[in-house]
Amino acid sequence: MANNLYVTAAEERSGKSAIILGVMQVIMKELSRIAFFRPIINDHVFGRVDHDLNLVLKYFKLDIEYADTHAYTLSQARQLITSGREEILYENILKKYKQLEAKYDFILCEGTDFQGKDPGFELDLNANIAANLGAPVLLIASGRDKSSEEICTHMAITIDTLEEKGVEIAAIILNRAPETFLRDTASSDKCREQFDRPSPLYVIPENRALGNPTIDDVKRWLGAEVLYGKPSMLNLVSNYLVAAMQISNFLEYLKEGSLIITPGDRSDIIIASLASRISSAYPNIAGILITGGIELSPSVQRLIQGWTGIPVPVLFVESHTYDTVQSVNELYGRIEHTDTKRIATALGWFAKYVNVPELTKRVVAQRSARITPRMFEYSLMEKASRSKQHIVLPEGMGERILNATDIILRRGIADITLLGREDDIRTKAAKLNLNIDSAAIINPTASEYYDDFVQAYFDIRKHRGIVMDVARDRMSDPTYFSTMMVHKGLADGMVSGSITTTAQTIRPAFEFIKTRPGVSVVSSIFIMCLQSKILAFGDCAVVPNPDARQLAEIALSSAETARIYGIEPRVALLSYSTGASGSGESVDKVVQATAIAQQLMAERGLDYPLEGPLQYDAAFDSEVAALKWPDSQVAGRATVFIFPDLNTGNNTYKAVQRAANAVAMGPVLQGLNKPVNDLSRGCTVQDIVYTVALTAIQAQVAKHH
């Protein structure tokens, strides 16, 4: 029988969508075949889909037909209950659930949104559904607009109601907790005493970046027309400012994230608002909403159209200002599957305040043997955030680097330092609507470390004929400067290469970070995330034609790196021959490398399967292995694949990546004293996030050696 969990709130606007994202991430880290089910969805206009179903199905790429994910609308459920046909309701919900249960290992269920007029009815409905499905409940209580006493009382009443229906409480999350509750350290203890249950209670503070709407939310809510500034539609709105006074007075009321609401005939307000957005003397407004159906005058339109890069969105509605304000006051933030910034914030916030290992034990009773790319990704993020490391990114002005920094900081993966001119970097981030406030920014030549770094580099390299002027030039280079930060312990790791070559990225590391004791060669692996397994491929990026000794060391380094990331090493040294089936110079090299690697393992006290030579199909496929090497510990079960040369490795990883639609993370450099990693110049934002997480985990391990 599938495992399940029923997530329900006790009132509307509890932040349930953000919690669902966090819970789904927890489950997907453990299991591969997961379904999402909402027994009752909101009433909606024909042709529209349920928000939370759409969010989860699309963001997590779940292979489930939308029609299979729900049973009734709230109005249909109410009608069945009031007409005395309650059994039909629960019977059909269970029937839909059983169809999913037959196909999936775990079913995450979500309750109603409490947007009806009777919250008591919906709480009873959710409790009855959870009881009928035999699902433990994760209860989300809301602290929004409540005192500490009100929070505890409401929570106790809700828990009693659920338990009266025979529902097991797996855990309780108090979401959107106010500062008063957080300041009173005894509040959570008082709550526990009041409801006196063993269920863990997790307290998550209010996060306005999740609760506040974006300009895009405003546009959809009002049916507004976008006149200008479409690239900035994800700006967060923190307050509404109705502008009806003179400019000199109006500007004093601007706040960070203000949505300026003004009639279309107030050209002075509109122009002043746009100008304020590019002035460092005023806070960044979120956008402008023009009301009353009054179009901008042709001269003002011409002025704005000639403005290079409209700094904020400008929306237009037909409704009058008063009606518009009344309407937007009912709007709240909703997380869309395309809103990567808000999703990253939600996942990071959840991981920060919820004891994920404890929750995992309570809601996931079994693990699948299959490991999917998304499971591995979440495992990486959790490991990295468990003990945050400080990673320096020297390409601080890169757009992809800045987008990745925003995500890394939101998810709490690592602390980040960017290199470059601070004003330039922060201005560019603001134009891209990115939040990098908590990132440190260092301009190498203006840094307090510059002279010390120059002297250190000179001392390290003077035996090579380096003079002081060359040392100054080197330390003016962001890659050299960031590598020296790692060498000096001012950062735990470095990631670069989005605009530089591999050689430019790793040369400084070769010069003064050097290799670990007992390691003579720096090499690399790619983490290859296939649909149902995770493999390591080495070396595909650094050593062109390793000799037998180097190949042996690459094999051992790759096994060690794989183990760091939770991949149990079973190492295959690859060739065009399996066992003694072929001969030739390259086969002989792999035979020698295998013998050397096994000898080094014995000397170092290492214990894992390592065999070679093996052909790729014999290493990968158990049926082929049964024919070619039936008594092998590695054949058909290999997790670490060692290629005989760079040409073979680089082409193979790219072929597998494309043909199998695999996610390739890396290259991850191995063998250095401290972690330095290279990016492909064609890397995506997600590639950068992955590489920073991989680097952070390497840094955690390096600190324990």
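Q: How many aromatic pairs are there in this structure, and how should I read one of them?
A: In this predicted model, the count comes to 14 aromatic pairs. A pair is read from the distance between ring centres and the angle between the ring planes, and planes over 60 degrees apart count as edge-to-face.

Q: Are Tyr 457 and Tyr 480 buried or exposed?
A: Tyr 457 is buried, and Tyr 480 is buried as well.

Q: Why is the pair of Tyr 616 and Phe 620 called stacked?
A: Planes under 30 degrees apart count as stacked, and the rings of Tyr 616 and Phe 620 have planes at 15° with centres 5.8 Å apart, so this pair is stacked. Both residues lie in helix 26 (residues 616–620), where being four residues apart separates them by about one helical turn. Tyr 616 counts as partly exposed because its relative accessibility is 26%, and Phe 620, with a relative accessible area of 27%, is partly exposed too.

Q: Which residues do ring pairs link into a cluster, and which residue lies over the face of Phe 620?
A: The cluster linked by ring pairs consists of Phe 537, Tyr 616, Phe 620, Phe 641 and Phe 643. Over the face of Phe 620 lies Lys 533, at 4.4 Å from the ring centre. Elsewhere, Arg 78 lies over the face of Phe 121, at 4.3 Å from the ring centre.

Q: In what order do the five strands of the open sheet stand, and how do they pair?
A: The order of the five strands is 15-14-13-16-23, and their pairing is parallel. Strand 15 (440–442) and strand 23 (676–678) each have a single partner strand, so they stand at the edges and one side of each is left without a neighbour in the sheet. From one strand to the next, the twist averages 25°.

Q: How many bridges join strand 16 to strand 23, and which helices pack on the sheet?
A: Strand 16 (residues 493–496) runs parallel to strand 23 and is joined to it by three bridges, and Val 495 stands opposite Asn 677 in strand 23. Helix 22 (residues 478–487) packs on the sheet by touching strand 13 (389–393), strand 14 (414–419), strand 15 and strand 16, and its direction makes about 160° with that of strand 16. Helix 23 (residues 502–513) also packs on the sheet, where it touches strand 16 and strand 23, and its direction makes about 165° with that of strand 23.

Q: How are two packed helices described?
A: The description uses the angle between the axes and the distance between the axes. The axes of helix 15 (residues 340–353) and helix 18 (residues 399–411) come within 7 Å and cross at roughly 25°, which means that helix 15 is roughly parallel to helix 18. Among the residues making the contact are Lys 341, Leu 347 and Trp 349 of helix 15, together with Asp 406 and Arg 410 of helix 18.

Q: Where does Ile 169 lie, and which residues does it touch beyond those up to four places away in sequence?
A: Ile 169 lies in strand 6 (residues 169–177), and Ile 169 counts as buried because its relative accessibility is 5%. Beyond residues up to four places away in sequence, Ile 169 touches Val 137, Ile 159, Leu 162, Glu 163, Ser 199 and Arg 362. Ile 169 and Val 137 are 32 residues apart in sequence, yet 4.9 Å apart in space, C-alpha to C-alpha.

Conventions. Residues are numbered from 1 along each chain as its sequence is written. This is a predicted model: local features need pLDDT of at least 70, side-chain atom pairs count only at pLDDT 80 or more; totals for chains, interfaces and linings use all residues. Side-chain values use heavy atoms; hydrogens and water are left out. Two strands pair if DSSP finds at least two bridges between them. Helices (H or I, at least four residues) and strands (E, at least two) are DSSP runs, numbered from the N terminus. Axes are lines fitted to C-alpha atoms, for helices over the stretch in contact, and angles run from 0 to 180 degrees between N-to-C directions. Contact means heavy atoms within 4.5 Å. Rings of Phe, Tyr and Trp (its six-membered ring) pair if their centres lie within 6.5 Å; planes under 30 degrees apart count as stacked, over 60 as edge-to-face and the rest as tilted. Buried means under 20% relative accessible area, exposed over 50%, partly exposed in between (1.4 Å probe, protein chains only). A charge sits over a ring if NZ of Lys or CZ of Arg is within 6 Å of the ring centre and within 35 degrees of the ring normal. Angles under 35 degrees count as roughly parallel, over 145 as roughly antiparallel, 65 to 115 as roughly perpendicular and the rest as oblique.
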